[in-house]
Each structure stands twice: as C-alpha cells, then as structure tokens.
Amino acid sequence: MYTIAIAGNPNSGKSSIFNLLTGGKQKVGNWPGVTVDKKIGKIKHSSVNADLVDLPGIYAMSAWSEDEKIARDYLVSCEADLLINVVDSTNLERNLFLTYLLKDMGIPMLVVLNMFDVAEKQGIKINIEEIEKQLGIPVVAASAIRKSDKGKILDSVAKIKPEKKTIKLPPQDENEYEILAENIYKQIENIMASAVKKGVYVYTASDKVDKIVTNKFTGLPIFLLAMYLLFWLTIGVGGLFIDFFKTIFGAIFIDGTKMVLEKAGAPNCLNVILADGIGTGIQTLSTFFPIIFTLFFFIAILESSGYMARAAFVMDRLMRFIGLPGKAFIPLLIGFGCTVPAFMATRSLENKRDRVLSVFIIPFMSCGARLPVYVIFAATFFPVGGTNIVFALYIIGIVLAVLTGLLLKKTVYKGSVSHFIMELPQYRAPSVKNATISALFRLYAFIKKGGRVLVPVIAVLAILNSVGVLEKAGKTVAPVFEPIGISKENWPASVALFSGIFAKEAITSSLNSLYSQNEKEVNIRTAFGDSKVAAFAFLLFVLLYAPCISAISASIREVGIGFVALQVSYSTVLGWSLATIFYQSFEGGSLFYIALAFAVLALFVGFVYIIKRFHGGTPLAATALRGKGADT
Amino acid sequence: MHSCVQNAMLHLKPGEKAVVEQYASNADKAYKFKLLSLGLTKGTEFKMIKTSPFGDPIEIELRGYRLSLRRHEAEAILCTQ
C-alpha cells in the first residue's frame with residue numbers, strides 16, 4: 001500500500017486519467033494551510049494497491065503560484081512514493097517542461113501521453129521509445145476514454161519501484177531559473193525534432209469558433225448569452241429541486257426524528273435539540289444540494305469545452321475595473337441566485353486576494369431569497385411601479401458592489417493584481433461523465449466540510465429560536481432600527497430581520513406570524529405606518545445587511561473568519577447607514593440621525609482602511625505569493 | 001531586423017511574428033517565472049494572433065499552443081521582429 005501522486009498541466013486531461021484509474025470514487029482531504037480541496041482516490045489493480053493523490057494542474061514547480069506551491073510542499077513532504085505525469089500529446093512541447101522539472105526532483109515516475117488518440121487523428125506521430133530514451137523514464141501512451149488503457153497504465157506503474165526519496169527542488173533565483181528553463185526547452189526541442197512528427201495545424205477549427213466567440217462585436221453578447229444559460233440552468237432548473245430535498249430531508253430528519261423520539265418517550269428538550277435543531281440543520285444543508293450540483297456540473301462542462309478561457313479572455317478588461325479578474329464573473333452572477341454556491345465558485349480564482357474581494361462583493365448581488373421580501377413590500381406599498389422598485393434595489397446592489405470593489409482596489413489592494421497569463425486550449429467536446437464526477441466531488445466536499453460548520457450553527461440558531469431567544473434579541477435590538485423607520489410598535493420587523501440571518505425567506509413568514517399574533521388589526525401596511533419611505537428604507541436594509549448564516553458559514557470556509565466578520569459588519573453598517581439616511585432625508589427629518597449615519601459610515605470605512613494598512617500590508621498585497629501565513 | 005524595443009509585443013499586428021530577446025530588468029519575478037515556464041525563453045519565436053474585444057488581453061501563439069496575457073504582463077518581455 002503506497003501513495004501515488006498525479007501531476008500535469010491544466011487542460012492535459014489529468015482529471016480524466018484520475019477518474020479512469022480510480023473508477024470515479026474520490027475522497028476529499030486537506031492541503032495544509034489552504035482552502036483548496038485535496039482529491040484522493042484508491043487504485044486496486046493486480047499488483048498495484050495504492051492511494052492516488054490529485055495535485056492541482058500546474059505548469060511548473062515554483063513558489064510563486066499557490067497551486068504550484070501546494071504541489072511543491074506536497075512532494076517535499078515525501079508522502080508520495082511514485083509520480084504519474086499526465087502529458088497532453090497534442091501539446092507536447094510545453095507539457096514536457098513540467099515533465100523535466102518533475103524528473104529532476106528524483107521521484108520514481110511514469111509519463112502518460114494522454115489524448116494519444118486525438119494526437120493520432122491530428123496526424124501527430126510520436127516515437128515513444130525515442131522519448132523514453134531521451135527522458136530516461138518509462139512512457140506509456142493512453143486515452144482516458146479507452147477503459148483498457150487503465151490496465152495499460154497500471155501495468156507500467158507496477159513495473160516501477162515506489163520509493164520515498166529526498167526531493168531536489170528547482171532554483172528560485174530568477175537568473176538561475178532562466179538558465180534552467182532555457183536548457184530544458186533546448187532538450188525538449190531535441191525531443192520534438194527527433195521523436196515527434198507534427199500534425200495538422202490544430203487551431204483551424206478552434207479559430208473558426210473564436211471568430212465569433214472572441215469577436216469584437218459578438219464576443220460580449222455571446223458571453224452574456226452563455227451566462228444567462230448558466231444561470232437559468234443552475235438557479236432555474238436546479239432550483240426546481242430545492243423543495244424536493246427540503247421535503248424529503250424534513251420528513252426524515254425533522255418529522256421522522258420527532259416520531260421516533262415520541263415513541264421512545266423522550267423528553268421534549270431532546271426533541272428540540274435533535275429534531276428542531278440538528279434536523280433543521282441537515283434539512284437546510286440539503287436545500288443547497290441541487291444548485292451546487294448543477295452549478296459545478298455546468299462549470300465543468302464550460303471548462304472542459306474550452307469556453308471558460310474565452311469567457312475570461314473577453315471579460316477581463318471589464319472586470320479589472322472593479323479589481324477582479326475575468327473569471328470572477330461567474331461567482332458574481334451566481335450570487336444573484338444564491339450566495340452559497342457563489343462563494344463556493346470563488347474557488348476557481350487562483351489568487352486569495354481575488355477570492356477575498358469576491359466574497360466582499362458577492363453579497364451585494366441580491367440573492368434569490370431576498371426577492372420574496374421585495375415583492376411583497378412592493379405589492380403592498382407600491383401598487384403602481386412595484387417592479388421598478390425591485391429593479392432599483394438590484395441596481396443599487398450592483399452599484400454598491402462596484403463602489404466596494406473600487407474602494408478595496410484603491411486602498412487595501414492598491415497595486416496588487418493577480419496574474420492573467422492563461423492558456424487558450426483547443427475547443428474540445430466536454431465529457432458529461434467527468435463533469436458529473438467533478439460535480440459530485442464538489443457536493444461531497446460541501447457536505448463533509450461545509451456541513452461540519454453549517455449543521456451545528458443552524459442547529460444552535462433553530463434551538464434558540466424555538467425557545468424564544470431570537471425573538472427576545474429582536475425586541476431588545478429594535479431601538480437600533482428606529483432611525484431607519486421602524487417604529488417602537490413595529491418590533492416584529494426587528495425580529496424578522498433577525499430571523500433573516502437564518503434564511504432571508506424567513507423575513508416575510510416571520511413578519512406575518514408575528515403581526516397575526518397581535519390583538520390589534522396589524523398587517524405590514526399599518527405596521528410601517530403606511531409609509532412608502534419606511535418600506536423602502538426597510539428594503540434597503542434587507543438588500544444590504546448580513547447574508548444568511550449558510551452563506552456566512554460557506555464564506556468562512558473560503559476566506560477565514562476574519563474577512564467574513566469584516567464583510568458582515570461592513571455590509572450591515574452600510575445597510576443601516578444608507579437606510580437611515582434615506583428614511584430621515586425623506587420622512588424622518590432628523591438631521592441628527594443623518595449626521596450620525598454619515599459619521600458611522602465614515603468611521604467604519606476609515607477603521608477598515610486603517611486595519612488593512614497596518615495588518616494587511618504585505619500578505620494581502622503580494623501578487624502571487626500565497627502560503628500558510630497569508631491565510632488569516 | 002528592428003531593434004530591441006520594449007512593448008514591441010504590444011505593437012504587433014495579428015499574424016506578425018517576433019522573437020524573445022530578453023526580459024525587462026524591472027520585470028516582476030512572479031511573472032518572469034511563469035512566462036519562462038510557459039516557454040517564453042530567449043530566442044523563442046511567437047506569433048501575434050489577436051486582441052480581446054476590449055483591447056486587453058492579447059493572444060499569442062508559441063511552441064504549438066495559444067497563450068493570452070495582459071498588455072501590462074507582456075511588457076516584461078523585450079522582443080525583436
């Protein structure tokens with residue numbers, strides 16, 4: 001029983017080979033100090049009984065990129081006894097650079113010339129024996145779609161003696177590295193000249209497609225269409241299944257648990273803890289399954305088809321205006337549906353700085369759960385032009401997102417920018433099978449790691465709620481909301497906002513149930529004094545304040561509790577200040593409150609600025625250097 | 001043969017070729033490592049393919065594959081046509 005690591009360039013089909021060798025069964029683990037998921041599988045084949053660890057797709061082994069650093073640190077740790085290097089046969093010249101670096105590290109290694117069938121179709125003739133001779137390492141040709149190649153690869157692996165060796169790392173001095181790179185590429189050129197006969201020009205077909213996809217005029221519209229499709233498939237179609245999961249998991253873990261406990265005659269507090277508490281936690285977790293699965297399924301399809309790179313290529317310039325790379329568009333877009341998968345999608349951003357910035361901005365993309373609140377208030381208070389009110393809220397959210405991005409870009413992240421340097425692979429037919437495996441893996445990682453935080457947190461909140469703690473908290477804090485137009489009698493609104501931390505949909509149901517408990521004839525309209533201004537101020541607050549606890553938990557996993565606390569307080573303070581300024585300006589008339597709101601806002605922004613200047617100096621501002629230290 | 005010019009890459013028109021001369025002395029270390037690893041070593045020939053609809057980034061072809069980089073990143077490389 002030993003450990004094999006699998007390494008290769010992005011787009012080399014490494015994950016297909018991983019799936020081929022492990023049969024698609026994967027476990028998720030941890031890379032020390034980072035939030036990137038570690039994928040592990042098992043290989044059982046005649047004489048090979050090993051764990052297979054998937055290293056991130058990398059081009060080299062330098063310390064300047066997070067993914068490469070993960071690979072470096074992992075190989076230095078000597079956990080791996082053997083290395084499989086997956087190489088794209090249609091792109092040999094550049095792929096072999098990593099091969100040479102890995103070879104120099106000294107670990108027993110096998111080179112797999114992947115996509116060999118595609119290379120043959122393209123007329124590329126590769127002399128495998130010659131490459132083996134020049135590399136001095138066993139080489140085997142394979143295609144991830146040929147099941148029989150699994151045996152072929154593993155038979156070659158079986159012939160290599162696994163061994164833990166002390167690793168030699170490539171130099172990190174830039175002049176030494178330049179010389180090393182030149183030498184390696186010279187050797188690669190020799191191999192290309194002696195062992196490889198070039199095929200047809202492969203980009204003809206891709207270029208034809210790109211003529212439309214990255215065209216000056218059609219590039220953006222096609223991108224928007226693709227994003228609309230992604231959104232519709234994920235939120236629209238995937239969203240259809242939310243109720244299904246909610247019902248089933250509710251039936252099993254809440255009602256089912258209650259039934260069992262009743263039969264067993266258990267005390268009521270146990271009922272509350274297990275059924276209302278943990279049961280609700282599990283049920284809430286399950287409501288995210290369909291969207292997470294569909295989102296990552298379609299992201300995988302977009303990536304493997306090669307379109308994702310084009311999308312980033314088209315959008316980069318625009319996104320950089322708010323300080324984010326082109327790829328960040330997808331998490332932002334998904335944020336309009338649900339913040340939880342949006343936070344998870346920030347994974348694809350290689351740079352921590354980009355992920356933190358995204359986490360700050362994403363909540364301003366008003367999520368789907370807030371929409372029912374807007375709609376009900378719009379219908380109640382703005383019978384004419386209600387749609388415009390809702391639209392205005394979304395626009396305000398987007399504007400604030402852009403402003404926040406600019407603010408962060410010019411203060412905290414001044415001068416730092418992540419790399420764009422990106423390969424544009426050939427267009428390929430995406431594999432539904434691999435996309436499914438990839439989506440299931442993400443889902444599994446969400447359940448295992450996200451669930452660990454989400455379930456207990458929601459359980460605690462649900463328990464507190466059922467004993468009336470949330471209601472008490474809402475009533476106690478109600479005075480704070482007076483400036484935004486919630487009168488003393490309207491304390492249910494304050495409580496509803498608290499329940500909104502649970503889930504934004506809970507706001508309206510909470511309002512309705514609390515108003516109906518009142519003896520007087522109270523409804524939303526009367527409670528807000530029939531005031532359009534108060535209603536809109538309330539909606540402004542709902543738009544901006546803290547995201548739901550599920551989103552908060554998900555973001556803690558992505559960027560750590562420090563940044564999350566900052567984001568939550570920033571957006572809540574922003575919401576309170578803006579709502580106060582709006583209400584007081586148009587109705588309340590209290591200059592004191594207006595001045596207070598501005599002061600609070602200015603103070604807070606200034607405070608954030610100061611903290612970042614002192615604390616965030618280097619770790620956040622560094623371009624690509626990201627390691628354990630920068631993870632606060 | 002034109003002389004070695006910074007930002008020469010940025011002046012290339014689609015279809016034009018150039019050869020990497022050297023790296024700018026103030027080239028960011030991280031960029032340099034990445035570009036070297038990707039094959040942009042001294043003497044490497046590459047071809048300009050296109051620019052993004054918004055003018056940035058640009059796409060070049062080298063060693064049989066396509067690479068895109070921002071104009072600002074391309075400044076790290078000095079080349080001749």
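Me: What scores does the predictor give the complex?

Reply: This is a predicted model, and the complex comes with an ipTM of 0.93 and a pTM of 0.88.

Me: And what does chain B average for pLDDT?

Reply: Chain B averages a pLDDT of 86, and 91% of its residues score at least 70.

Me: Which elements of chain B have the lowest and highest mean pLDDT?

Reply: The lowest is strand E1 of chain B (residues 5-6), with a mean of 56. At the other end, strand E4 of chain B (residues 58-62) has the highest, at 95.

Me: Switching to chain A, which domains does the assignment give?

Reply: Domain 1 covers 2-200, domain 2 takes 219-368 + 416-442, and domain 3 runs over 453-631.

Me: How far apart are the centres of domain 1 and domain 3 of chain A?

Reply: Their C-alpha centres lie 49 Å apart.

Me: OK, helices. At what angle do H12 and H19 of chain A cross?

Reply: Roughly 140°, with the axes of H12 (residues 289-305) and H19 (residues 432-466) of chain A coming within 8 Å. Angles over 145 degrees would count as roughly antiparallel, so H12(A) and H19(A) are oblique to each other. The crossing of H12(A) past H19(A) is right-handed.

Me: Which residues meet there?

Reply: From H12(A), A:Phe289, A:Ile292, A:Phe293, A:Phe296, A:Phe297, A:Ala300 and A:Ile301 take part. Their partners in H19(A) include A:Val432, A:Ala435, A:Leu440, A:Arg442, A:Leu443 and A:Phe446. The residues of this H12(A)–H19(A) contact split into 14 nonpolar, 2 polar and 1 charged.

Me: What about H1 and H6 of chain A, how do they cross?

Reply: The axes of H1 (residues 14-22) and H6 (residues 148-158) of chain A cross at roughly 90° and come within 9 Å. H1(A) and H6(A) are therefore roughly perpendicular.

Me: And which residues touch in that pair?

Reply: A:Ile17, A:Leu20 and A:Leu21 of H1(A) meet A:Asp149, A:Lys150, A:Ile153 and A:Leu154 of H6(A). That contact of H1(A) with H6(A) has 5 nonpolar residues, no polar and 2 charged.

Me: Now the backbone. Is the peptide bond between B:Asp56 and B:Pro57 cis or trans?

Reply: It's cis, with omega about 0°. B:Pro57 sits in the loop between strand E3 (45-51) and E4 of chain B.

Me: Last one: what is the phi of A:Met115?

Reply: Positive, about 55°, although A:Met115 is not a glycine. A:Met115 is in the loop between strand E6 (109-114) and helix H4 (116-121) of chain A.

Technical notes:
Residues are numbered from 1 along each chain as its sequence is written. Chains are lettered from A and ligands numbered from 1 in the order in which they are written. This is a predicted model: local features need pLDDT of at least 70, side-chain atom pairs count only at pLDDT 80 or more; totals for chains, interfaces and linings use all residues. Side-chain values use heavy atoms; hydrogens and water are left out. Axes are lines fitted to C-alpha atoms, for helices over the stretch in contact, and angles run from 0 to 180 degrees between N-to-C directions. Helices (H or I, at least four residues) and strands (E, at least two) are DSSP runs, numbered from the N terminus. Angles under 35 degrees count as roughly parallel, over 145 as roughly antiparallel, 65 to 115 as roughly perpendicular and the rest as oblique. A crossing is left-handed if the near helix is turned anticlockwise from the far one by less than a right angle, and right-handed if clockwise. Contact means heavy atoms within 4.5 Å. Ala, Val, Leu, Ile, Met, Phe, Trp, Tyr, Cys and Pro count as nonpolar, Asp, Glu, Lys and Arg as charged, and the others, Gly among them, as polar. Domain bounds come from an automatic or database domain assignment. pLDDT is the predictor's confidence in each residue, from 0 to 100.
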